[in-house]
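Visitor: I would like to learn how to read aromatic contacts in a model. Can we go through them step by step?

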Amino acid sequence: MKRILLVLAIAASAGLTACSSSSTPAVMATANAATTGGSAKGDFGPPQGEPIHAVLTSPPHVPPPVNRNYPAKVIVDLEVIEKEMPISEGVTYTFWTFGGTVPGSFIRVRQGDTVEFHLKNAPDSKMPHNIDLHGVTGPGGGAASSFTAPGHESQFTFKALNQGIYVYHCATAPVGMHVANGMYGLILVEPPEGLSKVDHEYYVMQGDFYTTGKYREKGHQPFDMEKAIDENPTYVLFNGAEGALTGDKALAAKTGETVRLFVGNGGPNLVSSFHVIGEIFDKVQPEGGTHPQENVQTTLIPAGGAATVEFHLEVPGSYVLVDHSIFRAFNKGALAILKVDGPENKAIYSGKEVDAVYLGDRSEPNLKAVSTAATAHAAGTLTKEEQIAAGKQLFTGTCSVCHQANGQGLPSVFPPLAKSDYIAADPKRIIDVVLHGLNGKVKVNGTEYNSVMPPMTQLTDDEVANIATYVLNSWDNPGGRVAKEEVATVRANPPASKPAEH
(Lines give C-alpha, C1' and ligand atoms only; values in the text may rest on other atoms or scores of the structure.)
Protein backbone atom coordinates (compact mmCIF):
# COMPACT_ATOMS: atom_id res chain seq x y z
CA MET A 1 0.00 0.00 0.00
CA LYS A 2 2.85 2.36 0.86
CA ARG A 3 4.52 1.57 -2.48
CA ILE A 4 1.31 2.45 -4.35
CA LEU A 5 1.02 5.76 -2.47
CA LEU A 6 4.68 6.53 -3.23
CA VAL A 7 4.16 5.92 -6.97
CA LEU A 8 1.06 8.13 -6.98
CA ALA A 9 2.95 10.87 -5.17
CA ILE A 10 5.82 10.77 -7.69
CA ALA A 11 3.35 10.84 -10.59
CA ALA A 12 1.50 13.77 -9.09
CA SER A 13 4.76 15.62 -8.58
CA ALA A 14 5.77 15.02 -12.22
CA GLY A 15 2.35 16.19 -13.39
CA LEU A 16 2.65 19.40 -11.40
CA THR A 17 6.09 20.02 -12.88
CA ALA A 18 4.77 19.45 -16.39
CA CYS A 19 1.83 21.78 -15.80
CA SER A 20 4.16 24.43 -14.44
CA SER A 21 6.40 24.21 -17.53
CA SER A 22 3.55 24.30 -20.04
CA SER A 23 1.88 27.25 -18.32
CA THR A 24 4.90 29.55 -18.83
CA PRO A 25 5.68 29.48 -22.58
CA ALA A 26 7.22 32.96 -22.48
CA VAL A 27 9.76 31.85 -19.86
CA MET A 28 10.67 28.72 -21.81
CA ALA A 29 10.88 30.59 -25.09
CA THR A 30 13.07 33.28 -23.56
CA ALA A 31 15.37 30.60 -22.18
CA ASN A 32 15.73 29.25 -25.71
CA ALA A 33 16.13 32.68 -27.34
CA ALA A 34 19.07 31.50 -29.42
CA THR A 35 16.93 28.81 -31.08
CA THR A 36 13.61 30.59 -31.58
CA GLY A 37 13.60 30.50 -35.34
CA GLY A 38 10.67 28.12 -35.79
CA SER A 39 6.99 28.80 -35.22
CA ALA A 40 6.80 26.04 -32.58
CA LYS A 41 9.08 28.19 -30.41
CA GLY A 42 7.78 31.57 -31.49
CA ASP A 43 4.67 31.81 -29.31
CA PHE A 44 5.65 33.84 -26.25
CA GLY A 45 2.14 33.97 -24.87
CA PRO A 46 -0.45 36.75 -24.95
CA PRO A 47 0.59 40.36 -25.61
CA GLN A 48 1.67 42.41 -22.62
CA GLY A 49 1.29 46.10 -21.84
CA GLU A 50 -0.55 48.74 -23.87
CA PRO A 51 -0.96 48.34 -27.63
CA ILE A 52 1.82 49.87 -29.71
CA HIS A 53 1.34 51.67 -33.02
CA ALA A 54 4.05 50.49 -35.41
CA VAL A 55 6.45 53.08 -36.80
CA LEU A 56 6.41 52.71 -40.58
CA THR A 57 9.15 54.19 -42.75
CA SER A 58 9.53 54.93 -46.44
CA PRO A 59 12.49 53.45 -48.35
CA PRO A 60 15.43 53.51 -47.94
CA HIS A 61 14.82 54.18 -44.23
CA VAL A 62 14.23 51.50 -41.59
CA PRO A 63 12.28 51.91 -38.32
CA PRO A 64 14.33 51.83 -35.10
CA PRO A 65 14.95 48.50 -33.32
CA VAL A 66 12.06 47.18 -31.23
CA ASN A 67 14.04 47.14 -27.94
CA ARG A 68 11.44 45.08 -26.03
CA ASN A 69 11.83 41.90 -24.00
CA TYR A 70 8.13 40.96 -24.09
CA PRO A 71 5.48 40.33 -26.75
CA ALA A 72 3.12 43.21 -27.47
CA LYS A 73 0.04 43.98 -29.47
CA VAL A 74 1.28 46.02 -32.43
CA ILE A 75 -1.14 47.99 -34.59
CA VAL A 76 -0.15 48.49 -38.22
CA ASP A 77 -1.99 51.05 -40.35
CA LEU A 78 -1.17 50.84 -44.06
CA GLU A 79 -2.91 52.63 -46.93
CA VAL A 80 -2.97 51.59 -50.57
CA ILE A 81 -2.46 54.56 -52.89
CA GLU A 82 -2.52 54.47 -56.70
CA LYS A 83 -0.38 57.33 -58.01
CA GLU A 84 1.59 58.52 -61.01
CA MET A 85 5.32 58.91 -60.30
CA PRO A 86 8.60 59.10 -62.27
CA ILE A 87 10.12 55.74 -63.21
CA SER A 88 13.03 57.39 -65.07
CA GLU A 89 13.96 60.92 -66.08
CA GLY A 90 11.13 62.29 -68.21
CA VAL A 91 9.18 59.02 -67.88
CA THR A 92 6.12 58.49 -65.65
CA TYR A 93 4.20 55.39 -64.67
CA THR A 94 1.05 54.73 -62.64
CA PHE A 95 2.24 52.79 -59.60
CA TRP A 96 0.01 50.95 -57.15
CA THR A 97 1.63 51.36 -53.75
CA PHE A 98 1.51 50.43 -50.09
CA GLY A 99 1.95 53.75 -48.30
CA GLY A 100 2.63 55.86 -51.38
CA THR A 101 6.11 54.50 -52.17
CA VAL A 102 7.72 51.66 -54.10
CA PRO A 103 8.60 49.52 -52.27
CA GLY A 104 5.92 50.01 -49.62
CA SER A 105 6.43 51.09 -46.03
CA PHE A 106 8.90 49.06 -43.97
CA ILE A 107 7.23 47.26 -41.03
CA ARG A 108 9.21 46.15 -37.94
CA VAL A 109 7.88 43.91 -35.15
CA ARG A 110 9.24 41.37 -32.64
CA GLN A 111 8.85 37.61 -32.78
CA GLY A 112 5.85 36.67 -30.66
CA ASP A 113 4.06 39.99 -31.21
CA THR A 114 0.35 39.97 -32.01
CA VAL A 115 -0.14 42.22 -35.03
CA GLU A 116 -3.47 43.95 -35.62
CA PHE A 117 -3.33 44.89 -39.28
CA HIS A 118 -5.46 47.66 -40.79
CA LEU A 119 -5.43 47.93 -44.59
CA LYS A 120 -7.07 50.99 -46.11
CA ASN A 121 -7.71 51.47 -49.83
CA ALA A 122 -7.79 55.15 -50.85
CA PRO A 123 -11.21 56.38 -52.10
CA ASP A 124 -9.77 57.44 -55.47
CA SER A 125 -8.25 54.03 -56.21
CA LYS A 126 -9.49 52.30 -59.34
CA MET A 127 -8.89 48.75 -58.10
CA PRO A 128 -9.57 46.60 -55.03
CA HIS A 129 -6.42 45.41 -53.26
CA ASN A 130 -5.30 43.14 -50.44
CA ILE A 131 -2.05 42.08 -48.76
CA ASP A 132 -0.22 38.76 -48.49
CA LEU A 133 2.53 38.95 -45.87
CA HIS A 134 5.03 36.11 -46.13
CA GLY A 135 5.62 36.48 -42.38
CA VAL A 136 2.05 35.41 -41.58
CA THR A 137 1.14 31.87 -40.53
CA GLY A 138 -2.33 31.35 -41.99
CA PRO A 139 -4.07 30.75 -45.34
CA GLY A 140 -3.11 33.30 -47.97
CA GLY A 141 -0.82 35.20 -45.61
CA GLY A 142 -3.75 37.48 -44.81
CA ALA A 143 -4.89 37.97 -48.43
CA ALA A 144 -8.41 36.58 -48.04
CA SER A 145 -8.94 38.55 -44.83
CA SER A 146 -7.75 41.85 -46.29
CA PHE A 147 -9.56 42.15 -49.63
CA THR A 148 -10.43 45.84 -49.65
CA ALA A 149 -12.50 47.84 -52.15
CA PRO A 150 -11.68 51.49 -52.90
CA GLY A 151 -12.76 53.71 -50.00
CA HIS A 152 -12.89 50.78 -47.55
CA GLU A 153 -10.76 49.41 -44.69
CA SER A 154 -10.12 45.81 -43.65
CA GLN A 155 -8.69 44.42 -40.41
CA PHE A 156 -7.21 41.07 -39.39
CA THR A 157 -4.84 39.84 -36.68
CA PHE A 158 -1.90 37.45 -36.72
CA LYS A 159 0.87 36.36 -34.41
CA ALA A 160 4.43 36.78 -35.74
CA LEU A 161 5.72 33.29 -34.95
CA ASN A 162 8.84 33.18 -37.15
CA GLN A 163 11.73 35.62 -37.01
CA GLY A 164 13.21 36.85 -40.30
CA ILE A 165 12.87 39.39 -43.10
CA TYR A 166 9.77 38.78 -45.21
CA VAL A 167 8.23 40.14 -48.39
CA TYR A 168 4.65 41.34 -48.46
CA HIS A 169 2.71 42.01 -51.66
CA CYS A 170 -0.75 42.41 -53.11
CA ALA A 171 -2.43 39.14 -54.08
CA THR A 172 -5.55 40.43 -55.85
CA ALA A 173 -6.11 39.06 -59.35
CA PRO A 174 -4.36 39.50 -61.67
CA VAL A 175 -1.67 39.05 -59.02
CA GLY A 176 1.26 39.55 -61.39
CA MET A 177 -0.06 42.91 -62.56
CA HIS A 178 -0.52 44.20 -59.01
CA VAL A 179 3.02 43.16 -58.09
CA ALA A 180 4.49 44.51 -61.32
CA ASN A 181 2.91 47.88 -60.55
CA GLY A 182 4.95 48.14 -57.34
CA MET A 183 2.75 46.51 -54.70
CA TYR A 184 5.38 44.95 -52.44
CA GLY A 185 7.51 45.71 -49.39
CA LEU A 186 9.28 44.16 -46.41
CA ILE A 187 8.29 43.23 -42.87
CA LEU A 188 11.04 42.45 -40.36
CA VAL A 189 10.26 40.09 -37.48
CA GLU A 190 13.11 40.63 -35.02
CA PRO A 191 14.34 37.74 -32.88
CA PRO A 192 13.45 38.19 -29.19
CA GLU A 193 17.02 39.18 -28.35
CA GLY A 194 17.05 41.75 -31.17
CA LEU A 195 19.60 42.14 -33.96
CA SER A 196 23.26 42.95 -33.43
CA LYS A 197 24.09 46.65 -33.32
CA VAL A 198 25.22 48.30 -36.57
CA ASP A 199 25.81 51.92 -37.57
CA HIS A 200 23.35 52.05 -40.47
CA GLU A 201 20.35 50.03 -41.64
CA TYR A 202 18.91 50.60 -45.10
CA TYR A 203 15.95 49.26 -47.07
CA VAL A 204 16.56 48.30 -50.71
CA MET A 205 14.13 46.35 -52.88
CA GLN A 206 14.43 45.28 -56.49
CA GLY A 207 11.56 45.04 -58.94
CA ASP A 208 11.06 44.47 -62.66
CA PHE A 209 8.74 46.77 -64.60
CA TYR A 210 7.00 46.35 -67.95
CA THR A 211 6.11 49.42 -70.03
CA THR A 212 4.69 49.70 -73.51
CA GLY A 213 7.47 52.12 -74.48
CA LYS A 214 11.15 51.30 -74.72
CA TYR A 215 13.70 51.90 -71.97
CA ARG A 216 13.79 55.66 -71.23
CA GLU A 217 11.18 56.45 -73.86
CA LYS A 218 9.74 59.77 -72.69
CA GLY A 219 6.22 60.50 -71.50
CA HIS A 220 3.69 58.47 -69.54
CA GLN A 221 4.14 54.73 -70.06
CA PRO A 222 1.32 52.22 -69.45
CA PHE A 223 1.79 48.66 -68.17
CA ASP A 224 2.43 46.03 -70.86
CA MET A 225 0.89 42.68 -69.92
CA GLU A 226 2.43 40.84 -72.88
CA LYS A 227 5.97 41.87 -71.88
CA ALA A 228 5.21 40.79 -68.29
CA ILE A 229 3.98 37.37 -69.36
CA ASP A 230 7.07 36.98 -71.57
CA GLU A 231 9.24 38.05 -68.59
CA ASN A 232 10.90 40.75 -70.70
CA PRO A 233 11.13 43.82 -68.45
CA THR A 234 11.75 47.33 -69.73
CA TYR A 235 13.24 48.35 -66.38
CA VAL A 236 14.87 46.51 -63.50
CA LEU A 237 15.08 48.94 -60.60
CA PHE A 238 16.00 49.44 -56.98
CA ASN A 239 13.32 51.26 -54.97
CA GLY A 240 10.95 51.87 -57.82
CA ALA A 241 12.75 54.41 -60.01
CA GLU A 242 15.94 54.75 -62.00
CA GLY A 243 18.30 56.85 -59.89
CA ALA A 244 16.24 56.37 -56.70
CA LEU A 245 19.47 55.72 -54.78
CA THR A 246 22.02 57.82 -56.67
CA GLY A 247 23.27 61.41 -56.55
CA ASP A 248 21.93 63.31 -53.56
CA LYS A 249 19.67 60.32 -52.79
CA ALA A 250 22.58 57.87 -52.47
CA LEU A 251 22.94 55.81 -49.30
CA ALA A 252 25.60 57.20 -46.96
CA ALA A 253 28.10 55.89 -44.41
CA LYS A 254 31.62 56.51 -43.12
CA THR A 255 34.77 54.43 -42.99
CA GLY A 256 34.94 52.29 -39.87
CA GLU A 257 31.17 51.80 -39.82
CA THR A 258 29.05 48.70 -40.37
CA VAL A 259 26.07 48.74 -42.73
CA ARG A 260 23.14 46.34 -42.70
CA LEU A 261 20.99 46.17 -45.84
CA PHE A 262 17.55 44.57 -45.85
CA VAL A 263 17.32 43.60 -49.51
CA GLY A 264 14.07 42.36 -50.99
CA ASN A 265 13.01 41.27 -54.45
CA GLY A 266 9.42 42.03 -55.35
CA GLY A 267 9.79 40.49 -58.79
CA PRO A 268 7.31 39.65 -60.17
CA ASN A 269 9.56 37.55 -62.41
CA LEU A 270 13.32 37.95 -62.11
CA VAL A 271 15.78 36.51 -59.61
CA SER A 272 18.28 39.09 -58.33
CA SER A 273 22.05 38.51 -58.21
CA PHE A 274 22.69 41.19 -55.60
CA HIS A 275 26.25 42.53 -55.40
CA VAL A 276 28.05 45.60 -54.04
CA ILE A 277 31.03 46.47 -56.25
CA GLY A 278 34.14 46.82 -54.08
CA GLU A 279 32.73 45.17 -50.94
CA ILE A 280 32.43 41.64 -49.59
CA PHE A 281 29.48 40.77 -47.38
CA ASP A 282 30.82 39.83 -43.96
CA LYS A 283 27.50 38.18 -43.18
CA VAL A 284 24.49 37.18 -45.28
CA GLN A 285 21.27 35.64 -44.06
CA PRO A 286 20.20 34.04 -47.35
CA GLU A 287 16.49 34.15 -48.15
CA GLY A 288 15.90 35.83 -44.78
CA GLY A 289 16.74 32.63 -42.92
CA THR A 290 18.15 32.27 -39.42
CA HIS A 291 21.59 30.83 -40.13
CA PRO A 292 24.10 33.24 -41.69
CA GLN A 293 26.72 32.67 -44.37
CA GLU A 294 30.00 34.60 -44.20
CA ASN A 295 32.37 36.21 -46.75
CA VAL A 296 29.90 36.29 -49.65
CA GLN A 297 30.51 38.15 -52.92
CA THR A 298 27.05 37.96 -54.54
CA THR A 299 23.83 36.57 -53.11
CA LEU A 300 20.79 35.27 -54.97
CA ILE A 301 17.44 36.71 -53.93
CA PRO A 302 14.43 35.00 -55.50
CA ALA A 303 11.32 36.84 -56.60
CA GLY A 304 9.21 37.10 -53.47
CA GLY A 305 12.28 36.66 -51.26
CA ALA A 306 14.63 38.76 -49.17
CA ALA A 307 18.05 38.66 -47.55
CA THR A 308 19.95 40.55 -44.88
CA VAL A 309 23.54 41.52 -45.72
CA GLU A 310 26.11 43.20 -43.48
CA PHE A 311 29.57 44.60 -44.22
CA HIS A 312 32.19 46.81 -42.61
CA LEU A 313 33.64 49.77 -44.49
CA GLU A 314 37.40 50.16 -44.61
CA VAL A 315 38.06 52.71 -47.36
CA PRO A 316 36.13 55.69 -48.76
CA GLY A 317 34.54 55.93 -52.17
CA SER A 318 31.33 55.33 -54.09
CA TYR A 319 30.23 51.71 -53.87
CA VAL A 320 27.83 50.60 -56.61
CA LEU A 321 24.94 48.28 -55.76
CA VAL A 322 23.89 46.18 -58.76
CA ASP A 323 22.00 43.17 -59.94
CA HIS A 324 25.03 41.32 -61.31
CA SER A 325 22.98 40.00 -64.19
CA ILE A 326 24.91 42.96 -65.43
CA PHE A 327 22.92 44.25 -68.41
CA ARG A 328 20.10 44.89 -65.94
CA ALA A 329 22.40 47.27 -64.06
CA PHE A 330 23.75 49.31 -66.96
CA ASN A 331 20.92 48.98 -69.48
CA LYS A 332 17.73 48.58 -67.41
CA GLY A 333 18.48 50.68 -64.32
CA ALA A 334 19.34 48.24 -61.49
CA LEU A 335 22.02 50.44 -59.98
CA ALA A 336 22.39 52.31 -56.67
CA ILE A 337 25.21 54.08 -54.82
CA LEU A 338 26.53 53.86 -51.26
CA LYS A 339 28.73 56.92 -50.71
CA VAL A 340 31.37 56.36 -48.04
CA ASP A 341 33.31 59.29 -46.59
CA GLY A 342 36.45 59.11 -44.49
CA PRO A 343 40.24 58.98 -44.60
CA GLU A 344 42.12 56.88 -47.15
CA ASN A 345 43.69 53.62 -45.97
CA LYS A 346 46.48 52.85 -48.44
CA ALA A 347 47.37 49.64 -46.60
CA ILE A 348 43.95 48.24 -47.53
CA TYR A 349 43.56 49.81 -50.98
CA SER A 350 46.24 51.81 -52.75
CA GLY A 351 44.32 53.29 -55.65
CA LYS A 352 45.95 53.31 -59.09
CA GLU A 353 49.74 52.95 -58.90
CA VAL A 354 50.59 52.36 -62.58
CA ASP A 355 48.77 53.60 -65.67
CA ALA A 356 50.59 52.86 -68.93
CA VAL A 357 49.74 51.69 -72.43
CA TYR A 358 50.31 47.96 -72.93
CA LEU A 359 50.12 46.51 -76.42
CA GLY A 360 52.00 43.26 -75.81
CA ASP A 361 53.48 41.51 -78.81
CA ARG A 362 51.50 43.85 -81.10
CA SER A 363 53.65 46.83 -80.15
CA GLU A 364 55.96 46.25 -83.13
CA PRO A 365 55.04 47.30 -85.84
CA ASN A 366 51.98 49.02 -84.25
CA LEU A 367 54.12 51.64 -82.55
CA LYS A 368 56.32 52.29 -85.56
CA ALA A 369 54.08 55.08 -86.80
CA VAL A 370 53.89 56.46 -83.26
CA SER A 371 57.68 56.49 -82.95
CA THR A 372 58.01 58.16 -86.36
CA ALA A 373 55.58 60.89 -85.32
CA ALA A 374 57.37 61.46 -82.00
CA THR A 375 60.73 61.78 -83.78
CA ALA A 376 59.30 64.16 -86.36
CA HIS A 377 57.69 66.28 -83.65
CA ALA A 378 60.98 66.56 -81.79
CA ALA A 379 62.67 67.66 -85.03
CA GLY A 380 59.90 70.16 -85.77
CA THR A 381 58.98 68.42 -89.02
CA LEU A 382 55.76 66.61 -87.98
CA THR A 383 53.19 66.52 -90.79
CA LYS A 384 49.45 66.03 -90.50
CA GLU A 385 49.79 62.73 -92.38
CA GLU A 386 52.28 61.46 -89.76
CA GLN A 387 49.87 62.48 -87.00
CA ILE A 388 47.03 60.64 -88.71
CA ALA A 389 49.13 57.46 -89.13
CA ALA A 390 50.21 57.53 -85.49
CA GLY A 391 46.69 58.36 -84.33
CA LYS A 392 45.26 55.40 -86.22
CA GLN A 393 47.57 52.97 -84.42
CA LEU A 394 46.84 54.53 -81.04
CA PHE A 395 43.10 54.54 -81.75
CA THR A 396 43.22 50.83 -82.60
CA GLY A 397 44.89 49.98 -79.31
CA THR A 398 42.92 52.37 -77.09
CA CYS A 399 39.54 53.40 -78.51
CA SER A 400 38.35 50.84 -81.06
CA VAL A 401 36.92 48.39 -78.51
CA CYS A 402 34.05 50.79 -77.76
CA HIS A 403 33.86 52.96 -80.85
CA GLN A 404 34.78 50.19 -83.34
CA ALA A 405 37.51 50.32 -85.97
CA ASN A 406 35.11 51.97 -88.43
CA GLY A 407 34.03 54.62 -85.92
CA GLN A 408 30.41 53.45 -85.88
CA GLY A 409 30.24 52.81 -82.11
CA LEU A 410 27.72 50.38 -80.60
CA PRO A 411 24.01 51.14 -81.11
CA SER A 412 22.31 52.45 -77.94
CA VAL A 413 25.56 52.05 -75.98
CA PHE A 414 28.56 53.97 -77.39
CA PRO A 415 28.04 56.92 -79.78
CA PRO A 416 29.52 56.91 -83.28
CA LEU A 417 32.58 58.98 -84.13
CA ALA A 418 31.90 58.61 -87.84
CA LYS A 419 30.32 61.68 -89.46
CA SER A 420 29.57 62.91 -85.95
CA ASP A 421 27.51 66.10 -85.59
CA TYR A 422 28.75 66.25 -81.98
CA ILE A 423 32.36 66.57 -83.22
CA ALA A 424 31.44 68.82 -86.15
CA ALA A 425 29.76 71.33 -83.80
CA ASP A 426 33.05 71.87 -81.95
CA PRO A 427 36.00 69.84 -83.34
CA LYS A 428 38.36 70.75 -80.51
CA ARG A 429 35.99 69.38 -77.83
CA ILE A 430 37.41 65.96 -78.69
CA ILE A 431 40.54 66.92 -76.68
CA ASP A 432 38.50 67.47 -73.52
CA VAL A 433 36.53 64.24 -73.98
CA VAL A 434 39.68 62.13 -74.41
CA LEU A 435 41.50 63.75 -71.47
CA HIS A 436 38.66 64.16 -69.00
CA GLY A 437 36.07 61.61 -70.07
CA LEU A 438 32.37 62.11 -70.62
CA ASN A 439 29.62 61.02 -68.25
CA GLY A 440 25.89 61.44 -68.74
CA LYS A 441 23.52 62.08 -71.60
CA VAL A 442 24.78 63.19 -74.99
CA LYS A 443 22.96 63.36 -78.34
CA VAL A 444 24.91 62.28 -81.43
CA ASN A 445 23.41 62.20 -84.92
CA GLY A 446 19.90 62.47 -83.46
CA THR A 447 20.26 59.58 -80.97
CA GLU A 448 20.63 59.98 -77.20
CA TYR A 449 23.36 58.03 -75.40
CA ASN A 450 23.93 57.75 -71.66
CA SER A 451 27.11 55.77 -70.98
CA VAL A 452 30.51 56.48 -69.44
CA MET A 453 33.64 57.46 -71.35
CA PRO A 454 36.54 57.12 -68.87
CA PRO A 455 39.33 59.72 -68.96
CA MET A 456 42.34 58.58 -70.97
CA THR A 457 44.86 60.27 -68.65
CA GLN A 458 47.47 57.60 -69.41
CA LEU A 459 47.95 59.09 -72.90
CA THR A 460 50.63 61.73 -73.43
CA ASP A 461 49.88 65.10 -75.00
CA ASP A 462 51.43 63.83 -78.26
CA GLU A 463 49.24 60.74 -78.27
CA VAL A 464 46.02 62.66 -77.57
CA ALA A 465 46.85 65.14 -80.34
CA ASN A 466 47.49 62.32 -82.80
CA ILE A 467 44.29 60.41 -81.91
CA ALA A 468 42.22 63.59 -82.19
CA THR A 469 43.78 64.44 -85.55
CA TYR A 470 43.09 60.92 -86.84
CA VAL A 471 39.41 61.08 -85.77
CA LEU A 472 38.94 64.56 -87.26
CA ASN A 473 40.27 63.34 -90.61
CA SER A 474 38.41 60.02 -90.78
CA TRP A 475 34.88 58.78 -91.58
CA ASP A 476 33.58 62.02 -93.18
CA ASN A 477 34.44 64.17 -90.17
CA PRO A 478 35.28 67.85 -90.83
CA GLY A 479 39.09 67.54 -90.86
CA GLY A 480 41.60 69.70 -89.07
CA ARG A 481 44.61 69.24 -86.87
CA VAL A 482 45.26 69.19 -83.11
CA ALA A 483 48.62 70.29 -81.70
CA LYS A 484 50.36 68.91 -78.65
CA GLU A 485 50.33 72.40 -77.12
CA GLU A 486 46.53 72.58 -77.36
CA VAL A 487 46.26 69.30 -75.46
CA ALA A 488 48.60 70.57 -72.74
CA THR A 489 46.39 73.62 -72.23
CA VAL A 490 43.24 71.50 -71.85
CA ARG A 491 45.01 69.04 -69.53
CA ALA A 492 45.99 71.91 -67.26
CA ASN A 493 42.33 72.90 -66.81
CA PRO A 494 40.40 69.82 -65.59
CA PRO A 495 36.58 70.02 -65.22
CA ALA A 496 35.08 70.89 -61.84
CA SER A 497 33.36 67.54 -61.30
CA LYS A 498 35.15 64.21 -61.10
CA PRO A 499 34.22 61.79 -63.92
CA ALA A 500 32.46 58.57 -63.07
CA GLU A 501 34.43 55.40 -62.47
CA HIS A 502 33.60 51.71 -62.34
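Visitor: How many aromatic pairs does the structure hold?

Guide: This is a predicted model. The structure holds 15 aromatic pairs.

Visitor: Why is the pair of Tyr 93 and Phe 209 edge-to-face?

Guide: Look at the angle between the planes; over 60 degrees counts as edge-to-face. The planes of Tyr 93 and Phe 209 stand at 80°, so this pair is edge-to-face. Their ring centres are 6.4 Å apart.

Visitor: Which parts does that pair tie together?

Guide: Tyr 93 belongs to strand S3, residues 91–98. Phe 209 belongs to strand S10, residues 200–209. The pair therefore ties together parts that are 116 residues apart in sequence.

Visitor: Is Tyr 93 buried or exposed? And Phe 209, buried or exposed?

Guide: The cut-off for buried is under 20% relative accessible area. Tyr 93 has 1% relative accessibility, so it counts as buried. Phe 209 has 0%, so it counts as buried too.

Visitor: What kind of aromatic pair do Tyr 470 and Trp 475 form?

Guide: Edge-to-face, with 80° between the planes and 5.5 Å centre to centre. Tyr 470 is buried, at a relative accessible area of 8%.

Visitor: Which residues do ring pairs link into a cluster?

Guide: Phe 238, Phe 274, Phe 281 and Phe 311.

Visitor: Where does the charged end of Arg 68 sit?

Guide: Over the ring of Tyr 70, 5.8 Å from its centre. For this feature, the charge must be within 6 Å of the ring centre. Arg 429 lies over the face of Tyr 422, at 3.9 Å from the ring centre.

Notes: Residues are numbered from 1 along each chain as its sequence is written. This is a predicted model: local features need pLDDT of at least 70, side-chain atom pairs count only at pLDDT 80 or more; totals for chains, interfaces and linings use all residues. Side-chain values use heavy atoms; hydrogens and water are left out. Rings of Phe, Tyr and Trp (its six-membered ring) pair if their centres lie within 6.5 Å; planes under 30 degrees apart count as stacked, over 60 as edge-to-face and the rest as tilted. Helices (H or I, at least four residues) and strands (E, at least two) are DSSP runs, numbered from the N terminus. Buried means under 20% relative accessible area, exposed over 50%, partly exposed in between (1.4 Å probe, protein chains only). A charge sits over a ring if NZ of Lys or CZ of Arg is within 6 Å of the ring centre and within 35 degrees of the ring normal.
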